[in-house]
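Visitor: I am new to this structure and would like to look closely at one part of it. Please take me through the aromatic rings and what surrounds them.

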Amino acid sequence: MTLSEFETVADAAAVASQDPESLFEGVDPAALADRVGTPFHAYSAAAIRRRIAELQQALQGLDALVCFAVKANPNRAILTLVADAGLGADIVSGGELRRSLEAGIAPKRIVFSGVGKSEQEIDAALAAGIARFNLESRDELECLDRLARERGVEACAAVRINPDVDAGTHEKISTGRAENKFGVPIDEARCWFAERMRHPNVRLDGLHVHIGSQILDLEPFRRAFARVAAFRRELAAAGHAIASIDVGGGFGVRYRNGESRLDAQAWAGVLREAFADYDGRFVVEPGRWLVAEAGLLLTRVLRVKRGVERDFLVLDAAMNDLARPSLYDAWHEIVPLHGAARAMRRYDVVGPVCETGDTFARDRLLPECAAGDLVAILGTGAYGASMASTYNSRPLAAEVLLDDGRYSIVRRRQSYEEMTAGESAGEDWTTP
Ligand code: LLP
């Protein structure tokens with residue numbers, strides 16, 4: 001059994017209470033916690049490979065390049081695993097570009113998205129020779145044209161369409177409505193193509209759409225794809241050939257018992273149907289779907305605090321290690337690993353950070369816990385470590401890759417010196 005093989009998290013919890021190693025690819029979590037210290041993020045390599053294979057299977061027969069959205073989990077070991085499986089990268093910063101190249105992802109498999117690319121970042125990506133820029137404003141198109149001319153190269157680009165579709169997900173991670181900052185309306189995109197000759201160093205032959213994240217329903221995809229497909233037909237009729245359509249990411253995963261992750265096969269069916277008359281390349285940019293369920297955050301109970309109205313389970317992990325519950329009120333299953341059958345109790349599960357928002361769960365029914373117990377927070381492989389901070393001067397947690405009964409520390413716990421490196425007391429004053 002590995003992490004993502006459990007049909008429901010209840011299964012995982014049941015198995016974990018008798019056989020905690022099952023959650024850890026055959027590695028004993030207690031021994032691992034002693035060795036690495038808590039909290040730490042752990043990822044199952046096998047679970048990630050399985051997700052990749054499933055997606056590749058769903059896309060069979062299509063000319064499709066899967067570009068992992070690096071922001072979901074940029075750890076070097078994860079990017080290497082992804083590169084070894086033949087995937088490319090969807091990047092949104094110069095930092096992600098460097099990480100992807102260093103992990104061995106070929107530049108021709110890298111696409112650059114994002115609403116605020118700086119000149120330096122665009123230039124670095126041109127120098128690296130990436131496959132494609134997903135452009136989000138006219139200003140960016142002009143900048144890309146200028147920088148490509150200075151380098152004497154032609155840049156491939158796609159225009160990111162804002163299809164004005166509600167993805168039906170949390171508002172903070174919705175990107176496809178007209179009111180959102182992302183993409184441009186079809187009317188504007190139409191002008192970009194009509195005026196293509198004004199930007200001779202940009203080969204504008206791609207379309208891009210990404211309507212949001214953690215989408216569990218196929219309908220928003222169907223609506224967005226229909227708009228992009230109709231626009232592609234219109235462009236083709238006007239003589240503008242489209243060679244690449246980037247259909248984004250956003251596939252939802254199973255965070256909670258009773259949920260099911262987006263079915264890749266069904267999603268690919270929607271894609272095939274919408275673009276039945278298109279024979280160019282697809283780019284797909286999933287992040288979460290590939291890695292979320294392959295990760296967990298292992299933490300230890302510091303103490304149980306009996307409050308006036310509630311009992312608090314105080315963990316040694318906090319919102320700085322996993323921000324999703326405090327940012328999006330996100331639900332993550334919580335599994336005590338003490339192994340013994342215990343009575344059930346209700347807890348507010350909290351971290352040590354000095355904010356009430358530092359709460360992983362409220363009023364959660366869990367087997368009774370005591371100080372020192374290990375507790376796994378599930379579904380943290382995406383947007384967990386990648387969104388961590390050192391708030392409250394808590395060094396970044398370690399990250400561990402698990403594979404077939406073995407583990408590798410793929411990020412050591414940050415030391416105090418590393419955390420404060422680069423700071424000074426402000427002694428060297430100068431004027432510009
Ligand atoms: N492509 C673009 C242009 C994106 O902006 C994103 C995510 C993705 C692909 C990958 O989306 P995914 O397949 O992972 O859903 N921090 C939030 C999620 C933010 C997603 C941002 N953009 C969370 O923890 O829920």
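Visitor: Which residues do ring pairs link into a cluster?

Guide: Before the answer, a word on the basis: this is a predicted model, in which local features need pLDDT of at least 70 and side-chain atom pairs count only at pLDDT 80 or more, while totals for chains, interfaces and linings use all residues. Residues are numbered from 1 along each chain as its sequence is written, and side-chain values use heavy atoms, with hydrogens and water left out.

The cluster linked by ring pairs consists of F221, F225, F251, W267, F275, Y278, F282 and W289. Rings of Phe, Tyr and Trp (its six-membered ring) pair here if their centres lie within 6.5 Å, and planes under 30 degrees apart count as stacked, over 60 as edge-to-face and the rest as tilted. The structure holds 12 aromatic pairs. One of them joins F193 and F231, whose rings are edge-to-face at 6.2 Å centre to centre, with 75° between the planes. Because F193 lies in helix 8 (residues 186-194) and F231 in helix 9, this pair ties together parts that are 38 residues apart in sequence; helices (H or I, at least four residues) and strands (E, at least two) are DSSP runs, numbered from the N terminus. Both F193 and F231 are buried, where buried means under 20% relative accessible area, exposed over 50% and partly exposed in between, with a 1.4 Å probe and protein chains only. The rings of F275 and F282 have centres 5.6 Å apart and planes at 65°, so this pair is edge-to-face too, and both F275 and F282 are buried.

The largest nonpolar core has 86 residues, of which F133, F225, W267 and F275 touch the most other members. Helix 9 (residues 219-237) gives this core its largest share, seven residues. At least three residues of the core come from each of domain 1 (3-43 + 292-415) and domain 2 (46-291), the bounds being those of an automatic or database domain assignment. F133, leaving aside its neighbours within four places in sequence, is in contact (heavy atoms within 4.5 Å) with residues including F112, I122, L126 and L144. A second, separate core of 18 residues includes L32, L337, L378 and V400.

How values were computed. A nonpolar core is a set of buried Ala, Val, Leu, Ile, Met, Phe, Trp, Tyr and Cys residues joined through side-chain atoms within 4.5 Å.
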